[in-house]
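Take a look at it, then read on.

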Amino acid sequence: MDLKKLLNEKEFIFLDGGMGTMLQAAGLAAGENPELLNLTHPEQIEEINLKYIEAGADIFYCNTFGGNRLKLAATGKSVDEIIGAAVEIAQRAKARASRTAYCALDIGPTGQLLEPNGSMKFEEAYDVFKEMVLAGKDADVIVIETMTDLLEAKAALLAAKENSDLPVLVTMTFEENMRTFTGCGVESMTMTLGGLGADAIGINCSLGPRELQPVVEQVCAHTNLPVIIKPNAGLPDPITNEYNVLPEEFSELLADMIPLGIKIIGGCCGTTPDYIRATAEKFSGRKCEAKYKELGAGVCSASRAVPINCPRIIGERINPTGKKRFKQALAEHDLDYICNQAIEQISAGAEILDVNVGLPGIDEKEMMVSAVKAIQGICDTPLQIDSSIPEVLDAALRVYCGKPIVNSVNGEEKSLNSVLPLVKKYGTAVVGLCLDENGIPKTVEGRLKIAEKICRRADEYGIPRSDICIDCLVLTCSAEQEAAMQTLQAVKLVKEKLGVKTVLGVSNISFGLPSREIVNRTFLTMALMQGLDLPIMNPNIDSMTSAVRAYRLLANIDKNAAEFIENYGAEQAPVPKAAAADMTLGYAMAHGLKRDAAEITEKLLETTDAMEIVNNILIPELDKTGNEFEKGKIFLPQLILTAGTAQACFEVIKQKLSQSGEKEASKGTIVICTVKGDIHDIGKNIVKVLLENYGYDVIDLGKDVDPELVAETAVKHNVKLVGLSALMTTTLKGMEDTIKLLRERHECKIMVGGAVLTPEYAEMIGADYYAKDAKRSCDIAKEVFGK
Amino acid sequence: MEINISINVNEAIRYMGYREQPPAPQMEMIESCRRELVKAITPAWVYRAFDIEECDDGIKLAGTKLIFKGEDIRRHLSGCRRCILLCATASSKADELIRRKEAEDITLGYMTDCLASAAVEAVCDEAEKEIYEKLTGCWFTWRFSPGYGDFPLDIQPMIIETLNAQKRAGVACTDSLLLTPRKSVTAVIGVSDEPIEKGRRGCAICKMAGRCEFRKRGIHCGS
């Protein structure tokens with residue numbers, strides 16, 4: 001169908017009302033699979049479709065909402081059968097109707113939560129949706145609705161766009177706090193789904209038209225796409241399950257939203273053909289009032305939108321360049337370390353995080369995807385995906401939940417041709433470097449020329465100027481002193497001439513100079529005056545972050561100095577006192593004084609061999625705590641506290657060793673995980689910290705881990721000990737399966753633990769050891785490795 | 001709906017494994033985690049009342065495909081002609097905060113996890129308050145959840161579907177019958193027009209009976 005034509009021809013497009021509501025009125029039991037009726041009672045579905053068309057629906061939804069392979073699994077019916085039947089029914093209804101209407105393949109959520117809150121992988125969700133899209137190819141339009149997870153909506157939208165040419169409408173479900181259940185905000189939805197190429201976006205379900213009005217207002221304010229509103233008939237009574245808004249009032253409330261700019265209107269739960277008829281009548285003769293608006297630049301995660309309307313700090317620390325410890329973390333696939341870097345920068349003031357995990361010898365694509373998933377699982381700061389390899393960018397852009405920045409494209413043909421299509425497809429912002437085949441132009445004009453070329457090419461792809469961030473490139477001042485001013489002038493010029501945003505890797509300026517911090521800060525301030533929007537810098541250095549904040553204050557951006565005062569006003573945060581001179585490492589560990597412990601360790605390292613500190617202080621202290629825990633003198637949180645503190649000491653030692661190129665002596669390698677089906681991992685994580693403290697290399701496979709992967713890893717690393725965790729009775733089966741497979745493939749000891757396990761059960765499923773707590777797992781490791 | 005919940009910190013402290021009041025510095029850590037948790041989460045619940053009748057297989061909920069099997073749920077609902085099906089969650093924001101805290105500091109992560117478990121109970125308490133207000137003049141049993149006693153856990157997906165809990169509260173159920181977000185529960189509350197003994201979650205029907213750390217110490221896991 002030609003949606004554009006329909007949008008032009010009609011002031012408003014009407015959708016249908018509730019399907020479930022009609023089916024339940026016809027006798028469908030709550031909780032029953034409504035899509036089965038496509039096969040068992042096609043005439044009933046056809047009647048409902050027809051009633052909606054006659055009531056005024058221009059687009060009506062096929063009965064396919066939950067027609068995905070997961071929800072149909074128990075029915076024994078295939079997606080093809082169910083969706084095929086639904087579309088046929090719809091076509092019959094169309095043929096019988098007295099007016100023209102189009103049928104939509106209706107795609108609802110899979111019914112499972114995506115990682116990290118659930119266990120479904122993005123790729124799996126994509127496949128589920130793709131199957132629906134292919135099965136519904138004979139529909140006239142695709143509707144993706146009732147989404148609460150932006151990433152799931154994205155998976156569905158990508159599946160639709162990549163496997164069909166039909167127009168796609170997407171609606172998400174918001175609560176009164178202006179967010180979806182997973183915390184997705186309105187702007188994040190409009191930016192992300194708009195960027196991904198949805199043909200119309202909006203909201204459906206959850207609340208009535210009255211409650212949704214403020215959400216609709218926000219949607220209309222943040223998109224130029226046609227806005228869809230499909231509310232419930234008010235709120236259901238939990239006792240009677242009846243909705244409290246009647247057709248007349250429903251239509252009035254919707255008509256009140258015409259001035260907001262709505263274009264596509266329908267009803268969700270509790271609404272019937274009467275609601276649609278009343279609404280179509282109420283709207284008759286009214287004009288659509290949607291207006292074009294400048295949307296401004298911005299990026300987002302699912303729950304945080306960051307408009308680029310003033311200088312924003314991009315944290316540069318997630319990058320291995322020149323950092324031995326970071327390289328080691330990448331080589332060891334240590335995502336915890338990377339997450340820690342993210343958290344540190346965010347608490348220091350980073351508003352966007354650059355993520356670069358390129359290192360020779362590692363699978364950058366896999367690493368980037370893992371890093372993006374891990375970081376977006378623990379924070380809501382938007383990311384800048386930093387790689388020179390298009391395949392890496394593509395893979396990361398798929399799984400990113402929100403609108404990121406791509407870092408970067410440059411003036412070379414090869415780069416333009418490979419990166420810009422990705423930017424367009426995923427609707428991201430992009431960093432454009434002022435360099436090309438001939439290197440970095442020395443002159444301001446030369447850089448402007450490349451920036452112009454990048455913009456021109458982006459225009460051809462339909463990438464808006466507001467999504468382009470030009471990097472005029474910072475050269476090292478110690479090597480080319482005259483270049484600093486050139487860069488700064490170029491920043492001003494490209495901004496004025498091209499209407500783009502600007503970005504600079506600020507810290508490059510001072511390589512090879514003493515007092516780098518002073519140079520960096522001064523250069524940063526100069527650049528901000530030239531109109532720099534996005535400094536890529538180390539936010540952990542307070543003088544840098546405070547320079548940006550002070551700029552925002554002085555430039556009258558930070559109104560009433562609110563942000564500045566919040567960060568620097570009132571009581572200065574107490575400067576952490578240096579550890580008391582006589583404080584011992586043991587004391588700091590026993591009391592969980594992380595910072596002090598790290599500091600003391602650092603001092604000790606000046607005079608004492610690292611392994612001596614480990615063997616003579618850290619381990620005995622951990623043993624002592626472990627014994628006290630066993631005797632019931634202290635409790636689990638205290639054991640963890642000491643272990644966590646020891647972890648901070650080991651981090652200092654690791655840092656030191658990686659600088660000197662030494663490697664810690666490992667006592668042995670242990671594979672641990674939470675078994676297939678289980679997503680409870682805190683116990684496993686505590687065990688990991690303790691085992692690492694005791695000097696074992698731990699390969700942590702995470703949660704919900706396939707037995708195959710456990711066996712494969714155990715074989716690959718020839719490990720002597722595997723630790724399995726499960727918290728629920730229902731997931732003990734996963735544990736048993738894993739043990740069975742391990743026994744077939746590899747000779748090793750297996751320890752198991754978790755709340756519902758007993759020593760008897762552990763024995764029954766064939767484990768060698770039952771670890772009743774984290775402490776015991778360390779004792780077992782000692783037994784197995786003999787040290 | 002803005003929901004203010006009040007987490008029972010003492011309960012959370014018990015979940016953490018303390019057998020006495022934590023030392024002051026740890027209390028401060030717990031308190032800061034609690035504040036952050038309450039700020040982060042967006043609790044939600046959905047419930048519906050159903051007429052119930054005993055049938056051959058168990059207890060049937062009118063207008064649904066649900067049949068509750070097991071002796072314990074039958075006893076739980078004896079004397080009731082209706083029941084409330086409840087699903088409550090501390091939201092995916094609780095899971096997210098636990099992950100972040102863990103990455104920051106494992107102890108804070110652990111404390112937040114235990115606090116979030118107590119938070120779900122607090123969310124249920126709030127939901128119950130609302131239920132009591134809606135059904136004045138009725139008497140209620142305590143909250144009985146799938147997995148207690150012989151009430152099978154495999155009813156979980158059907159409860160989620162019947163309540164439309166994913167749409168209405170953002171809660172789903174995995175293949176291995178775990179609720180997601182993790183800090184979520186479903187429960188059955190009996191409703192009677194006659195006074196009934198409210199009772200409480202007892203140890204007799206608990207699967208952990210006999211090896212429960214709480215019982216060994218002579219206390220209970222619930223408050």
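This is a predicted model: local features need pLDDT of at least 70, side-chain atom pairs count only at pLDDT 80 or more; totals for chains, interfaces and linings use all residues.

A:T601 sits in helix α24 of chain A. Is A:T601 buried or exposed? Its C-beta has 27 neighbours inside 10 Å, so A:T601 counts as buried.

Which residues does A:T601 touch, leaving aside those up to four places away in sequence? They are A:L585, A:I613, A:C649, A:V652 and A:I653. Then there is A:K654, which is 53 residues from A:T601 along the chain, with 11 Å between the two C-alpha atoms.

## The helix around it

Now zoom out to α24(A), which runs over residues 594-607. Its 14 residues should span 20 Å at 1.5 Å a residue, and the C-alpha atoms at its ends are 21 Å apart, which agrees.

## Chain A in pieces

## Backbone spots to look up

A:T146 is buried, as 25 other C-beta atoms lie within 10 Å. For A:D704, phi is near 50°; its place is the loop between β21 (697-700) and α28 (707-716) of chain A. A:D704 is buried as well, with 24 other C-beta atoms within 10 Å.

There are cis peptide bonds to find, too. One joins A:N407 and A:S408, with omega about 15°, and A:S408 belongs to strand β15 (residues 405-410) of chain A. Another runs from B:T180 to B:P181, where omega is near -5°. B:P181 is in the loop between β7 (179-180) and β8 (184-192) of chain B.

## Over to chain B

Chain B has 223 residues, 52% of them buried. Its secondary structure comes to eight helices and eight strands. Take the contacts in chain B between residues at least 6 apart in sequence: 75% of them join residues at least 24 apart.

Two of its helices, α2(B) (residues 24-40) and α4(B), have axes that come within 9 Å and cross at roughly 140°. The crossing is right-handed. On the α2(B) side the contact uses B:C33, B:E36, B:L37 and B:A40, while α4(B) brings B:K93, B:A94, B:L97 and B:K101. By class, that makes five nonpolar, no polar and three charged residues.

## Where the chains meet

How many residues does each chain put into the contact between them? Chain B gives 52 residues and chain A gives 51. On the chain B side, β1 (44-55), α4 (92-104), α5 (106-134), α6 (156-163) and α7 (165-169) each supply at least two residues.

Here α4(B) turns up again, with the largest share of that side: eight residues. Sorted by class, the chain B residues that touch chain A are 19 nonpolar, 15 polar and 18 charged.

Methods:
Residues are numbered from 1 along each chain as its sequence is written. Chains are lettered from A and ligands numbered from 1 in the order in which they are written. Two residues are in contact if their C-beta atoms, placed from the backbone, lie within 7 Å. Helices (H or I, at least four residues) and strands (E, at least two) are DSSP runs, numbered from the N terminus. Ala, Val, Leu, Ile, Met, Phe, Trp, Tyr, Cys and Pro count as nonpolar, Asp, Glu, Lys and Arg as charged, and the others, Gly among them, as polar. Axes are lines fitted to C-alpha atoms, for helices over the stretch in contact, and angles run from 0 to 180 degrees between N-to-C directions. A crossing is left-handed if the near helix is turned anticlockwise from the far one by less than a right angle, and right-handed if clockwise. The expected span of a helix is 1.5 Å times one less than its number of residues. A residue is buried if 20 or more other C-beta atoms lie within 10 Å of its own, exposed if 12 or fewer, and partly exposed in between; C-beta atoms are placed from the backbone.
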